[in-house]
Amino acid sequence: MVERLYYNDSFLSKFRAHVTDVRELSRTAGQSLWQLALDRSAFYPTSGGQPFDRGTLLAEARSGATLEIPVLDVQEEESGEVWHFTEKPLAAGTAIEASIDWPRRLDHMQQHSGQHLLSAVFAKEIGAMTVSFHLGEESSTVDLVTDAVTAATLERIEKKVNELIAEGRRISTTTVTREEAEALLAAGRLHKLPERIGSMRLIAIENYDLNACGGTHLHSTGQIGGMLLRSLEKVRQGVRVEFVCGQRAVAAARRDWTTLVKMAAPLSIGPAELPQAMERFQAEAKSSQKERQKLREELAEYHASRLVVEDTIREGLRLVKRVFADRDAAYCKLLASRVCAAAPQTVALIASTHIDPATVVLASSQGMPFSCGDLLRQSLAKIGLRGGGSADMAQGQVAREQLDSLLDDVAVAVRVAKTAATA
Ligand SMILES: [Zn+2]
């Protein structure tokens, strides 16, 4: 069985080992994926919430050339064996020189030690216990059992965490028996124990926290390098807090700053003035919207009074039929209702070709002996379309190439219905 070198030295990034087993995992599109087992390894396999390490294996080929084989994934089996995923096989017995992708491992250790510290601070400061956590590629989260965390509390927790980071408290690893661990649990020094029997590994943050964990950790809280708490989200069992540590925290703050500067620059203000500026813009947008609606209504009123003069009453009916390419559907609807309010015995048949499909509005002034909804619905149905509305206002949509014939059909239907009622 593999000797896990990271248990005793989480800062070991290079090691020598021998291949003990090899198996082909899959073959797709001429590309094979292999799994190699080693007699000793510092590669961390995905487990306990911490993602796997990447890196390379160097081996001497039969030709004498050096093979450099990337390690793409590392997973452990229930049996305890650790498998290193590669695109090339190496025979059992081959000597290798391995190196871990160090920036990636250090980043994982910063997030993982950071998670222990954050969970401990939440427990001590507000009694919020961590039920689960996730260490992600971009950011990480802890799920807390608590009703709510206010923004002020979050800020206080973040400050406390960063104070403990600045203090550079020692982080150490010990192995205890199950009985010793249970005694620590009974004494309240440990919050929970894994179900596993046998000895277990404990990670201690000097005079602050003790936690059963198989992950890789830093030597000091100082190496976490700083922590930034970000989003708060309500989840089923409580509250989820997003956090980033080390370079991730710096990168997140840098991204935020760049975004704020980009937003503030065209306004010739500083990023700190953005909230006030946004409030002002929202208020201005709201009042502009109100003003615009008022002007549209006034325009529709004038427009309607002109249209009813242009079309005269013929056989007891004034039919105002128009198509507008530069007016939207809402304006056409407004205009149709104003036309019908402006004069009696009037029907407005107005279309907007502002966007395709066109919108057709049919409206009538009070007391007309037919229903606009019925007439428009029937005309649309003839070409397989749907639409309709009330007796004095109806609406439908039609493709532009069918618009002219639909308008003609509706106009005829309106005349026929009016004549039939009069006869
Ligand atoms: Zn842990």
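**Helix 2 and the zinc site**

Helix 2 (residues 151-166) runs for 16 residues and spans 23 Å from its first C-alpha to its last, close to the 22 Å expected at 1.5 Å a residue (the expected span being 1.5 Å times one less than the number of residues; helices, H or I of at least four residues, and strands, E of at least two, are DSSP runs numbered from the N terminus). This is a predicted model, in which local features need pLDDT of at least 70 and side-chain atom pairs count only at pLDDT 80 or more, while totals for chains, interfaces and linings use all residues. Residues are numbered from 1 along each chain as its sequence is written, and side-chain values use heavy atoms, with hydrogens and water left out.

Thr153, Leu154, Ile157, Glu158, Val161, Leu164 and Ile165 are the buried residues here (buried is under 20% relative accessible area, exposed over 50%, partly exposed in between; 1.4 Å probe, protein chains only). They sit on the same side of helix 2, because they cover an arc of only 135 degrees around the axis (taken from the directions from the helix axis to the C-beta atoms). The face turned away from that side carries exposed Ala152, Glu155, Lys159 and Ala166. The buried set packs against helix 1 (102-126), strand 15 (227-235) and strand 16 (238-245). After helix 2 comes Gly168, with a positive phi near 60 degrees.

Together with Cys213 (SG), their NE2 atoms coordinate the zinc ion at 2.1 to 2.3 Å (donors are N, O and S atoms within 2.8 Å of the metal, 3.2 Å for Na, K and Ca; water is not among the atoms, so sites may look incomplete). The donor spacing reads H-x3-H-x96-C. His112 is buried at 1% relative accessible area, and His116 is buried at 4%.

Terms used:
Contact means heavy atoms within 4.5 Å.
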